[in-house]
Amino acid sequence: MSINKNIKNINDNIKEFNTNISNIVKSKLPLQLQYILSVYFLGLFFMLLYRFAGYAIHCFVSFSDINPILLFRSLLVGIRFDSIVLCWILVVFLIAMAIGAVFNINKKWFYRSLHILICFVFVIVYCLIAVDLAYFTYFKSHINIIVLSWVQSPAYISSIIVRHPVVLL
């Protein structure tokens with residue numbers, strides 16, 4: 001019984017420590033910056049899931065050519081790329097929120113419209129990542145400038161997806 005009490009005390013101490021850290025961060029950072037940081041880390045997490053899916057697909061498709069060090073390095077480069085893309089996307093919203101803070105715009109419609117716009121942009125980004133994953137599985141290369149020539153014939157792209165829906169997984 002004393003071991004359970006010790007574990008419970010340790011868990012309580014950890015929860016209290018996390019609460020204290022959270023309160024310190026919340027008191028030091030403006031609410032808009034907290035929101036942007038949370039969107040950044042949440043977006044990075046979901047992009048990381050796509051990276052792991054691509055990693056798993058590569059491992060299952062070409063099992064003979066697996067080089068763990070090279071794959072891990074490419075995963076880190078991909079995470080760095082995703083981080084840069086997220087920063088470029090979120091800097092626009094950070095500037096909009098900074099302008100709102102400077103001009104003291106505390107209207108619900110302003111921040112709600114920014115939130116809806118962020119959600120819309122991230123849905124587009126995740127769709128592009130999913131399409132790139134399917135494209136990579138099918139053609140063994142990432143989406144590049146050649147795909148822009150296919151915009152004139154969306155029927156071809158649709159036929160690839162319809163004929164081989166497994167590449168979307």
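Is Y40 buried or exposed in this model, and what is its relative accessible area? Y40 is buried, with a relative accessible area of 14%, where buried means under 20% relative accessible area, exposed means over 50% and partly exposed lies in between, using a 1.4 Å probe and protein chains only. The model is predicted, and local features need a pLDDT of at least 70, side-chain atom pairs count only at pLDDT 80 or more, and totals for chains, interfaces and linings use all residues. Residues are numbered from 1 along each chain as its sequence is written, and side-chain values use heavy atoms, with hydrogens and water left out.

**Fold and confidence**

- The chain has 6 helices and 0 strands, and from the N terminus on its elements run α-α-α-α-α-α; helices (H or I, at least four residues) and strands (E, at least two) are DSSP runs, numbered from the N terminus.
- The chain averages a pLDDT of 77, with 75% of the residues scoring at least 70, pLDDT being the predictor's confidence in each residue on a scale from 0 to 100.
- Among the elements of the chain, helix α5 (residues 146-149) has the lowest mean pLDDT, at 67, whereas α3 has the highest, at 85.
- Of the 169 residues in the chain, 22% are buried.

**Salt bridge**

- The structure holds 1 salt bridge, a term that stands for a side-chain nitrogen of Lys or Arg within 4 Å of a carboxyl oxygen of Asp or Glu.
- The partners are D82 and R51, whose closest N and O atoms are 2.9 Å apart, and the pair links distant parts of the chain, since D82 is in helix α3 and R51 is in helix α2 (residues 31-61), 31 residues apart.
- Side chains of opposite charge can pair when their charged atoms come close.
- D82 counts as buried at 5% relative accessibility, while R51 counts as partly exposed at 26%.

**Aromatic pairs**

- A search of the whole structure finds 7 aromatic pairs, which are rings of Phe, Tyr and Trp (its six-membered ring) with centres within 6.5 Å, counted as stacked when the planes are under 30 degrees apart, as edge-to-face when over 60 and as tilted for the rest.
- One of them joins Y40 and F41, whose ring centres are 5.0 Å apart and whose planes stand at 70 degrees, so the pair is edge-to-face; Y40 is buried, whereas F41 counts as exposed at 53% relative accessibility.
- The rings of F45 and F46 have their centres 5.5 Å apart and their planes at 65 degrees, and therefore this pair is also edge-to-face.
- F45 is partly exposed with a relative accessible area of 44%, and F46 is partly exposed with 36%.
- F45 and F46 also belong to one aromatic cluster, together with Y50, F122 and Y126.

**Surface and loop**

- I84, W88, V91, V92, I95, I99, V102 and F103 form a nonpolar patch on the surface, with about 860 Å² of accessible area together.
- Patches are made of residues with over 30% relative accessible area and no salt bridge, like charges being joined within 9 Å and nonpolar side chains (Val, Leu, Ile, Met, Phe, Trp, Tyr) within 5 Å, and accessible areas come from the Shrake-Rupley method with a 1.4 Å probe, only the protein chains shown counting as cover for residues.
- N104 lies in the loop between α3 and α4 (108-139), is exposed with a relative accessible area of 56%, and has a phi near 55 degrees, a positive value in a residue other than glycine.

**Cysteines**

- The count comes to 0 disulfides, a disulfide being a pair of cysteine sulfur atoms within 2.5 Å.
- C119 counts as partly exposed at 36% relative accessibility, and C127 is partly exposed with a relative accessible area of 44%.
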